[in-house]
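Here's a quick tour of a protein model, written for someone who likes to know the cut-offs. Have a look at the structure, then read on.

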Amino acid sequence: MPDVLTTCTYCGCGCNFYLRTRGGQLIGVIPCHEHPVSHGSLCVKGWNAYAFVNSPERLTEPLVRKSGTLQPTSWDEAFARIIDGLNRIQRKHGADSIAFLSSAKCTNEENYLLQKLARAVFHTNNIDHCARLCHASTVVGLASTFGSGAMTNSIAEFENAEVILVTGSNTTEQHPQVASRILRAVQKGAKLIVVDPRRIPITKWATMHLKQRPGTDVAWLNGFMNVIIADGLENHEFIKSRTDNFEALKKTIEKYTPEVAEKIAGIPANRLVEAARIYSRSRKSMIVYSMGITQHTSGVANVRSCANLAMLTGNVGRASTGVNPLRGQNNVQGACDLGALPDVYSGYQKVSDSAIRQKFQKAWGVDDLPAKPGLTVVEIMNAAADGSIKGLYIMGENPMVSDPDIRHVEEGLKKLDLLVVQDIFLTETAELADIVLPGASFAEKDGTFTNTERRVQRVRKAIEPIGNSRADWKIICRLAERMGYARMKYSGPAEVMDEIAQVTPIYGGIHYDRLERGWGLQWPCPDRNHPGTPFLHKGKFAKGLGTFIPCEYTPPDEVPDEDYPLILTTGRIYFHWHTGSMTRRTATLLREAPEAFVEISPEDAERLGIRDAERVRVSSRRGEITLRARVTTDVPPQVVFIPFHFYEAAANVLTNPALDPEAKIPEFKVCAVRVEKV
Ligand code: SF4
């Protein structure tokens with residue numbers, strides 16, 4: 001069989017490569033030199049993206065719990081039990097007693113179909129996915145300031161920037177293609193400012209590395225803006241013609257002098273002044289951020305502050321400028337775009353808007369779509385624990401590793417009357433399920449992913465689904481059909497995309513025949529003749545005028561005290577991905593990073609009598625884990641770092657489920673912990 005061109009299943013860069021097969025099995029990955037993002041280079045995860053597909057641990061049959069154990073069953077019995085269980089729960093407890101978790105690993109078409117199933121067939125808006133845990137603050141923060149909650153510019157544009165401000169993004173390890181563009185810009189003379197509590201690999205190339213205290217981003221961003229206004233470096237013309245509410249911002253910013261910002265954030269005032277001047281004096285300054293900005297109780301305020309900074313200096317709406325949230329998972333952008341969120345249909349069209357609801361009712365052939373927004377991820381888990389959610393259908397997510405306060409999640413999942421998990425492996429969450437459905441990996445199905453720069457790209461089938469597994473879109477459609485719903489019969493994902501284009505203005509011109517001809521299309525792409533949009537807000541913001549929304553600094557929900565004197569921050573490492581279900585089944589990656597660790601500063605280690613590689617206990621108010629210490633100057637004193645990929649020492653046993661009030665994102669990036677020798 002010829003090599004099959006497809007899109008990587010790991011990060012939001014969206015590299016393309018060819019899958020090579022022999023005898024119906026994947027045997028390797030070949031880079032694609034023409035692709036505009038990857039240009040023939042891949043990171044170690046991409047090179048190994050075929051290995052987990054052949055794992056002997058793949059789920060090959062539906063499983064049903066009988067006498068306490070999961071046993072193989074037929075698709076027929078599995079569907080019958082799911083429908084009977086969900087119907088029974090809804091009859092007894094109402095439509096909103098069940099919920100769905102969709103998947104940033106699955107295709108656009110699958111995410112669209114699962115939210116359609118939840119809304120049109122089961123009459124609930126209780127659908128969400130892991131974007132809630134990574135970029136919900138971006139969606140809310142950028143929509144309210146710019147009118148669109150997505151990365152404003154394209155990956156290729158980094159190369160031509162004059163100044164790049166990276167904050168809360170371990171870019172080299174998590175978005176290697178973006179990092180390589182930033183490096184090329186630096187080699188061409190661009191200035192790189194990194195604001196991060198840890199010494200991460202990209203700081204090697206930085207003109208300045210400012211180390212803020214975790215959870216103080218509003219303070220230093222306001223400090224930047226204070227310097228810019230004090231120096232008269234704001235862009236008066238841009239502010240006047242493109243924005244509103246500037247006076248309110250100015251008033252708030254007044255009190256965040258560099259000295260006040262230093263007191264809160266710990267960045268020396270003179271360094272902050274220098275960095276603010278560098279950022280504001282350039283006409284091509286790009287802001288890059290990721291979960292270090294979003295995963296806070298002040299996540300939305302952090303994002304709005306980045307948007308305020310860009311508007312203040314007129315660095316938005318042109319090439320090589322903008323505010324660029326890097327999306328983590330391969331299709332987290334697409335899962336949001338396609339409506340796997342509790343308050344919007346595809347294209348961010350609000351469920352509470354009656355005209356929009358009527359449009360979808362007509363398109364889907366129903367007359368009773370629910371108007372009330374549903375529950376978010378953490379709210380679903382809380383509702384499971386308090387008994388108000390009784391049934392949960394999870395497609396391709398693993399909350400037993402990914403969600404904050406895992407013991408609480410476990411309590412909720414165990415209380416459910418029915419837990420259905422659709423996945424490719426028996427994950428830690430699937431182990432608790434009543435019914436497990438075997439889905440197909442990215443190599444076994446057709447569809448599309450949308451990368452972090454809004455590029456919708458093809459995913460192509462290279463091999464047949466393993467064993468008796470099925471493509472996820474087929475599973476969802478069959479379930480709808482068994483429920484008696486006739487409007488989810490499709491010849492294939494191309495037809496699903498045609499329906500998406502019909503009801504989703506930003507995807508209006510995206511069809512498979514166009515995707516076959518090039519390297520995808522960047523939304524907004526409103527009609528068949530539109531070429532796609534490399535950067536947003538040219539001439540006018542998506543909402544008309546951009547709005548300055550002043551933000552006050554508020555401390556994190558949990559601050560260190562005598563019992564828990566250190567700040568824990570969490571994140572990913574280069575060799576693993578998310579909950580590890582794929583990378584930890586890939587021998588090369590496992591060899592490079594076999595186990596969990598906690599990074600601790602030499603000062604804290606000495607004070608606690610801890611030596612490098614010793615086993616230590618890390619505890620928070622929610623639980624404790626045991627793992628190996630890595631003594632390193634990469635973290636500053638009073639801060640420890642744990643990667644969240646390892647179930648046996650899951651960082652999220654410790655993390656705080658306190659939420660940002662608007663985005664409902666948990667504060668993964670700051671909680672108070674204690675570290676002790678075991
Ligand atoms: Fe895959 Fe991201 Fe690596 Fe590219 S950079 S190969 S998309 S994981």
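Let's start with an open sheet of seven strands, ordered 5-4-18-17-16-6-7 and with mixed pairing. Strand 5 (69-72) and strand 7 (127-128) sit at the edges with a single partner strand each, so one side of each has no neighbour in the sheet. Strand 6 (residues 98-101) runs parallel to strand 7, and two bridges join them. Across that pairing, Phe 100 stands opposite Ile 127.

On terms: strands pair if DSSP finds at least two bridges between them. Helices (H or I, at least four residues) and strands (E, at least two) are DSSP runs, numbered from the N terminus.

## Ground rules

This is a predicted model, where local features need pLDDT of at least 70 and side-chain atom pairs count only at pLDDT 80 or more, while totals for chains, interfaces and linings use all residues. Residues are numbered from 1 along each chain as its sequence is written, and side-chain values use heavy atoms, with hydrogens and water left out.

## Helix 7

Helix 7 (residues 176-187) has 12 residues and spans 16 Å from its first C-alpha to its last, close to the 16 Å expected at 1.5 Å a residue (1.5 Å times one less than the number of residues). Its buried residues (under 20% relative accessible area, 1.4 Å probe, protein chains only) are Pro 176, Gln 177, Val 178, Ala 179, Arg 181, Ile 182, Ala 185 and Val 186. Their cover includes strand 8 (163-167), helix 6 (171-174), strand 9 (191-195) and strand 12 (285-289). After the helix comes Gly 189, with a positive phi near 115°.

## Thr 145

Thr 145 belongs to helix 5 (residues 136-145), and counts as buried because its relative accessibility is 0%. Its side chain reaches the backbone oxygen of Gly 141 at 2.8 Å. Not counting residues up to four places away in sequence, Thr 145 touches (heavy atoms within 4.5 Å) several residues, including Arg 304, Met 311, Lys 543 and Ile 549.

## Nonpolar cores

A nonpolar core here is a set of buried Ala, Val, Leu, Ile, Met, Phe, Trp, Tyr and Cys residues joined through side-chain atoms within 4.5 Å. The largest has 62 residues, and Leu 392, Val 618, Leu 627 and Ile 642 have the most contacts inside it. Helix 17 (residues 377-386) gives the most to this core, with six residues. The core lies between domain 1 (63-133 + 330-445 + 470-509) and domain 3 (566-677) because both give residues to it; these bounds come from an automatic or database domain assignment.

Apart from this core lies another, of 58 residues, among them Leu 418, Tyr 490, Met 497 and Ile 510.

Definitions and conventions:
Buried means under 20% relative accessible area, exposed over 50%, partly exposed in between (1.4 Å probe, protein chains only). A polar contact is a pair of N or O atoms within 3.5 Å; within protein, one must be able to donate a hydrogen and the other to accept it, and residues adjacent in sequence count only if both atoms are side-chain atoms.
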